[in-house]
Amino acid sequence: MSQFLHTKYASLETYTPGEQPRDKKYIKLNTNESPYPPSPQVVDALTRQEVEDLRLYSDPEGTALREKLAALYGCGPENVFLSNGSDDILNFAFMAFGQDGAVFPGLTYSFYPVFAALHGVLYDTVPLREDLSIDVDGLCGTGRLTVLANPNAPTGLALSLEEVERIVASNPDHVVVVDEAYVDFGAQSAVPLIQKYENLLVVMTYSKSRSMAGARLGFALASRPIIEDLEKLKYSTNPYNVNRLTLKLGEAAVDSDAYFRENARKIMATREKTAQALRALGFTLPDSKSNFLFVKREGLDGGLLYQKLKDRGVLIRHFSDPRIAQYNRVTVGTDEEMEAFLTQVKAIMKEEGLL
């Protein structure tokens, strides 16, 4: 840290991304990426002409992509906001709507407290219930910016649309952000509610079900006034926040939506098969509606399992938070990858005298 950094940032605890080691080839089940490539239409959209046109600025409005997303989700282009990954939208949400403070679940996406600290937003957390589910009553009527991931991370559990609506309806004078990064893997989207509630901001990403984590593309759906608020911040920071190639690839992804929906169904089927196998081995795990599983095994230390799997070429995500240190988050890969993961888990359990 230099002597020049503003003192208000000196003590920031930053977000820690999932590790991306380069020392050898791993089965990567640690960062919730899709195991499947983008659609052929997305690949074909990256033409020589599109690359040559990088000399030109991108459309700051993202007009064509906004129109396609609006048609896909049943709203107007004026209800769509585009960003460089969904984290940008979450950052703007804390900046724009956190003047009275914020509330989010006590165990959730670990970027939320980072954004709050970055913008000086005081926040409270609502503890999860004993079964790791979100306390809906605790998030109702907060009188502050309310943020929830649905499905939640890292648990994978999802609220029903009725539960989400109860939270939104109870907080009419403040924005409720529903972070739907994983919604395509079995949860209900809150998008149908945006025409009914002006305070609802639904945030989505291309990183998970659309297999485009490296493209850095996110979008939000909300009432026109909230979209205008986000645009005010965008045009005050980075008007060309989505590059030309990503916009073009994003359009092709919408055009091939059926391809990604089918991949999501395959991932869900693999998830259920893997969950059943893990439960047969004595693991405890919530009923995930995401593209990952949150698992622990009595008598098998979570950190030990993580390290032994890494030594064997399988990466999963371990968290140091003592509340969940015995759990690991396991991204759902292909059937073959999950079979390899299970084979190594069984081998470790034999070493530890658990099989």
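Which residue of β13 stands opposite Phe-292? The residue is Thr-331. This is a predicted model, in which local features need pLDDT of at least 70, side-chain atom pairs count only at pLDDT 80 or more, and totals for chains, interfaces and linings use all residues. Residues are numbered from 1 along each chain as its sequence is written, and side-chain values use heavy atoms, with hydrogens and water left out.

Start with the sheet around β13. Helices (H or I, at least four residues) and strands (E, at least two) are DSSP runs, numbered from the N terminus. Four strands form an open sheet in the order β9-β10-β13-β12, with antiparallel pairing. Two strands pair if DSSP finds at least two bridges between them. β9 (283–284) and β12 stand at the edges, each with a single partner strand, so one side of each is left without a neighbour in the sheet.

Strand β10 (residues 292–297) runs antiparallel to β13, and four bridges join them. Leu-293 has Val-330 as its bridge partner in β13. Two bridges join β12 to β13, again antiparallel. There, Arg-317 is the bridge partner of Arg-329 in β13. Strand β13 (residues 328–331) is covered on both faces. Asn-328 and Val-330 lie on one side, Arg-329 and Thr-331 on the other, and all are buried. Buried means under 20% relative accessible area, exposed over 50%, and partly exposed in between (1.4 Å probe, protein chains only).

On a 1 Å grid over the protein atoms alone, a pocket is an open set of points where a 1.4 Å probe fits, with protein on both sides within 12 Å along at least five of seven lines; lining residues have an atom within 4 Å of a point. Grid points are joined across faces, edges and corners, and a volume is the space filled by probe spheres set on the points. The largest pocket holds about 1,300 Å³ of space. Its lining counts 49 residues, and the closest to the centre are Tyr-15, Thr-16, Tyr-109, Ser-110 and Arg-317. Elements that give two or more residues to this lining are α4 (86–97), β3 (102–105), α5 (111–118), β4 (123–126) and β12 (317–318). α5 gives the most, with four residues. By class, the lining of the largest pocket has 21 nonpolar, 18 polar and ten charged residues. Here Ala, Val, Leu, Ile, Met, Phe, Trp, Tyr, Cys and Pro count as nonpolar, Asp, Glu, Lys and Arg as charged, and the others, Gly among them, as polar.

Now look at α5 itself. Its buried residues are Phe-111, Tyr-112, Val-114, Phe-115 and Ala-116. Their cover includes α4, β3, β4, β5 and β6, where contact means heavy atoms within 4.5 Å. Gly-120 follows α5 and has a positive phi, near 65°.

Helix α7 (residues 161–169) buries Leu-161, Val-164, Glu-165, Ile-167 and Val-168. These residues cover an arc of only 160° around the axis, which puts them on the same side of α7. The arc is that of the directions from the helix axis to the C-beta atoms. The buried residues of α7 pack against α6 (136–139), β5 (145–149), β6 (176–179) and β7 (200–205).

The second largest pocket holds about 190 Å³ of space. Among its lining residues are Phe-97, Gln-99, Pro-172, His-174, Glu-198 and Asp-229. Helix α8 (residues 224–234) supplies the largest share of this lining, three residues. The lining divides into five nonpolar, three polar and three charged residues.

Last come some backbone details. Most residues other than glycine have a negative phi, and most peptide bonds are trans. A cis peptide bond joins Asn-150 and Pro-151, with omega about 0°. Pro-151 sits in the loop between β5 and α7. The bond from Ala-153 to Pro-154 is cis, with omega near 10°, and Pro-154 is found in the loop between β5 and α7.

Asn-32 has a positive phi, near 55°, and is not a glycine. Asn-32 lies in the loop between β1 (27–28) and α1 (40–45). Its relative accessibility is 1%, so Asn-32 counts as buried. Ser-211 also has a positive phi, about 60°. The loop between β7 and β8 (218–222) holds Ser-211. Ser-211 is buried, with a relative accessible area of 11%.
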